Structure formats: C-alpha cells, structure tokens
Amino acid sequence: MKKIFLFLSISLSLNAFGQSETRFDKIDSLLNYLSSNNKFMGSVAIRNNDEIIFENTYGYADVKNKIKADNQTRYKIGSITKTFTSVVILQLIEEKKLTLDTKLSRFFPTIQNSEHITIDNLLSHSSGIYSFTNDLDYPTYAKLPKTRSELMKKIKAGKPVFEPGEKAEYSNSNYVILGWIIEDLTKKSYADNISTRIIQKLGLKNTGFATGAKNEALSYEWDGKNWKDASKEDMSIPGGAGAILSSASDLTAFINALFSGKLLKQPSLDTMITIEKGYGKGIFAMPFAERRFYGHSGGIESFTSSLIHYPKEKLSIALLDNGQGYDTDGIMIGILSIYYKMPYRFPNLKTATVDVAILKKYVGIYSDPNFPLKISIKEENGVLICQATGQESFPLNPLSDTKFNFDPAGLELVFSPNAMTILQGGHEFKLTKEK
C-alpha cells in the first residue's frame with residue numbers, strides 16, 4: 001500500500017533499438033531484457049480508448065510450480081485500490097447519501113479529531129490521521145488476520161500528525177476507514193460494493209479479491225541466485241486501501257471507463273482529479289514531458305503496480321510486477337519514452353559490491369552556489385539513498401567504490417574526498433560536502 005510515484009522530468013539519450021522495430025516491439029524488447037536479467041516479472045497492457053493495442057506477460061505467476069503468467073493472471077494491486085474506493089465514495093455522494101463535508105464523527109466519533117475531519121480530508125490525505133502501516137511492527141502485525149475492531153484500535157493508537165486540513169500526508173488509514181464507511185452506508189461488504197458498482201458494471205473478468213485461485217500471482221524477491229517467496233500480508237487488513245487484485249487489461253479498462261463517464265458524472269470526476277497540496281481524491285497527477293497523466297501506483301508484499309491515463313489521447317497503461325528487481329518507475333519511464341518515440345537507452349544492470357564503511361564516508365549534504373539544489377546522501381542498510389531538495393528520495397546503484405548511478409534518470413554520481421560530481425544528460429556539476 002505504498003505511496004504514489006512521481007515521473008522524473010529527464011532527458012534520456014542513446015536510442016538502443018534498430019529502426020525497423022515498431023514501438024511495441026521495442027517495449028517488448030525492454031521488458032524481455034529486464035525479465036531475462038531477473039529484474040522483472042509481471043504484466044503490461046496499453047489501451048487506446050476501448051482497444052488494447054499492446055499486452056504481454058513475463059515470467060511466472062507461481063515460480064515453485066512453474067506456472068507462467070498469462071493475460072488473465074491477477075496481481076495484488078496495492079494502493080491502486082484507493083482509486084476504486086474513491087469512485088464508490090463519490091458515487092455515494094452523487095446518490096446524496098454523503099457529502100464531501102460530512103464529518104467522520106458521524107461514523108467513528110471516537111477517532112481523535114473526528115468532529116473536524118471530513119470525507120474530503122480522508123479522500124485527499126489531509127485528515128492528519130496517522131498511517132498505521134508506518135508502525136515499525138507492521139510487517140509482523142500484517143501476517144495474521146485482523147478484525148475491524150483490532151484495526152480500529154491500531155489506527156486510534158497513532159497520534160494525529162497534523163490538524164485536519166492543515167496539510168496533506170499520505171495515510172493508508174484514511175482509505176481503510178473509507179472502506180468501512182462504504183460498508184456502513186450501504187449495509188454491504190466492501191467487496192460487494194466494488195463488485196456491483198464497478199466490476200459487474202464494466203464487465204471486468206479478472207478483478208476482485210484474493211480467493212487462492214490458480215490465476216492469482218504470488219510475489220517474489222531476487223536473492224542474487226533465485227526468486228524467493230516474499231513475505232505475505234493477510235488480506236483482511238488492507239481493505240479499501242489495498243485489497244484488490246486485478247489484471248493489466250482490466251485496470252486499463254477501469255481507468256478508461258472512469259475518464260469516459262461510465263462510473264462518475266463529470267463534476268464528480270473533476271472533483272476527483274483536482275490536485276490540492278499534491279493530492280487528488282484517490283488519484284494523482286503524473287507529468288511526463290509536456291503530458292499530464294492521472295493515476296495511482298501500488299505496493300503490497302513484493303507486488304508493485306502502476307496505472308496511468310492520459311485523457312487527451314484516451315491512453316491507459318497498466319504495469320504489474322510480482323518480481324521486484326528494478327524500479328517500477330524506471331520501467332514506466334522506459335515504456336512511455338518508447339511509446340512516444342523519445343530517445344531512450346536500455347538500463348545499465350551492472351552493479352558492484354561496496355563495503356559499508358566506504359558508503360558511510362559519502363554520507364552528508366552536498367551543495368554549490370551555482371547549483372539550485374542541495375543533495376542529501378544517506379546510508380540505509382548498505383545502500384546509498386539520494387535526495388534533492390523538495391524531491392523524492394531514491395536508491396543509488398554502485399558501479400564501483402566511487403561511482404554510483406540511478407539509471408531511470410540517466411544519473412551518475414562520482415564521489416571524491418569531500419566532493420561529489422553529478423553527471424546527467426551531458427552536463428557535469430561538482431558539489432562540495434558541507435561541514
């Protein structure tokens with residue numbers, strides 16, 4: 001149930017493909033390249049309005065039993081579930097069973113600040129309710145089934161992180177609560193609401209909830225030699241924040257239907273995609289070059305997922321991964337770059353082993369009067385983490401004891417005593433470590 005990704009505003013170079021290949025051949029080549037190097041297992045679908053124009057799967061749904069994925073394979077989509085939840089809440093508002101200004105205290109008066117928290121706050125992550133998935137014990141907590149009362153106790157144990165409406169901060173608790181509100185208003189389960197209001201209405205064949213069926217993918221982590229089973233979460237926990245399973249083609253059908261007026265009236269959709277404090281209502285704006293996509297990403301167990309839609313072209317893309325090996329954002333950047341015939345090179349999958357003692361020498365803040373951002377370098381569990389002022393952090397891949405890269409952005413960092421050189425897009429910047 002992880003946070004949304006942001007596309008990087010970057011210039012990529014070195015076209016890696018022959019001119020005779022179509023853009024779909026090139027996308028397939030990229031995903032096969034990643035898959036053959038144990039960096040990706042999953043599914044992708046690209047839809048233009050009502051037509052699937054590219055769809056393929058890579059690797060296994062079940063490694064142990066050698067069951068290959070196919071176009072009907074269902075993946076846990078994590079936080080893309082929030083977009084489904086938002087749709088149902090906005091449908092209930094259209095039915096006048098709720099308003100954006102309805103207070104949380106109507107449903108759960110014992111939650112702190114509930115008399116000031118609105119449905120709008122929950123949808124837009126501005127409630128201030130602590131995200132219970134941030135607890136250090138969450139990986140252990142999530143392994144066993146939980147009742148609503150147990151989850152409520154967990155959520156209420158977290159102190160508010162800010163006053164309602166003061167700012168916005170991603171919280172899975174918001175959407176677990178919204179799932180319960182849907183149940184209490186309709187007197188039906190969350191699953192029943194998703195089924196009748198979205199799945200059946202759109203004729204989605206491979207969307208629903210975990211049942212243990214053979215077409216449900218398992219998730220894996222690469223240990224350097226083999227794919228190993230990822231830790232599982234009990235699906236009684238994520239609810240309206242992350243419990244849905246789907247296929248790539250079903251997801252593109254869902255988001256295309258959303259923007260085509262089949263699930264919400266236009267005023268409701270406009271409300272949903274209005275971005276305030278960085279958040280829409282169960283959806284995000286995702287810029288790529290001059291285009292403005294909308295969508296969501298997800299992560300649960302070792303599943304990662306991305307779903308995006310470009311309204312102007314009625315273009316929808318879903319990327320589902322059950323074998324974490326390469327940054328999903330980077331794969332989506334590759335797919336989009338190839339689709340729009342922008343220069344793009346295959347990722348550099350080379351890596352090196354660097355002693356943690358060496359990594360710790362590079363930790364610090366780097367800056368230069370002629371460079372607009374400060375760069376923070378941290379070491380976490382044997383990995384260097386880079387973060388520029390006001391931007392998301394990302395891991396650096398070691399190429400040698402002194403050279404590191406973040407391939408999705410074509411970025412290289414070269415460290416020397418008390419300095420760091422940035423190489424990107426043919427430009428070079430030397431920054432000094434602050435004392």
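Strand 10 and strand 11 form a hairpin with two residues between them, and E301 in the turn has a positive phi of about 55°. Strands here are DSSP runs of E with at least two residues, helices are runs of H or I with at least four, and both are numbered from the N terminus. This is a predicted model, in which local features need pLDDT of at least 70, side-chain atom pairs count only at pLDDT 80 or more, and totals for chains, interfaces and linings use all residues. Residues are numbered from 1 along each chain as its sequence is written, and side-chain values use heavy atoms, with hydrogens and water left out.

Strand 11 also makes a hairpin with strand 12, this time with four residues between the strands, where K314 takes a positive phi near 50°. Two strands count as paired if DSSP finds at least two bridges between them. The table sets out both pairings.

| Strand pair | Sense | Bridges | Residue pair |
|---|---|---|---|
| Strand 10 (residues 291-300) and strand 11 | antiparallel | seven | H296 opposite L307 |
| Strand 11 and strand 12 (residues 315-321) | antiparallel | seven | H309 with S316 |

Is strand 11 enclosed or open? Eight of the eight residues of strand 11 (residues 303-310) are buried, so the strand is largely enclosed by the rest of the structure. Buried means under 20% relative accessible area, exposed over 50%, and partly exposed in between, with a 1.4 Å probe and protein chains only. In a regular strand the side chains alternate between the two faces of the sheet. Here F303, S305, L307 and H309 point one way, while T304, S306, I308 and Y310 point the other way.

Another buried residue is N405, at 4% relative accessibility, found in strand 19 (residues 403-406). Leaving aside neighbours within four places in sequence, N405 is in contact (heavy atoms within 4.5 Å) with residues including N348, P395 and E412.

Of its 18 lining residues, the closest to the centre are E183, Y190, M235, S236 and G239. A pocket is an open set of points on a 1 Å grid over the protein atoms alone, where a 1.4 Å probe fits and protein lies on both sides within 12 Å along at least five of seven lines; lining residues have an atom within 4 Å of a point. Helix 6 gives the largest share of the lining, four residues.
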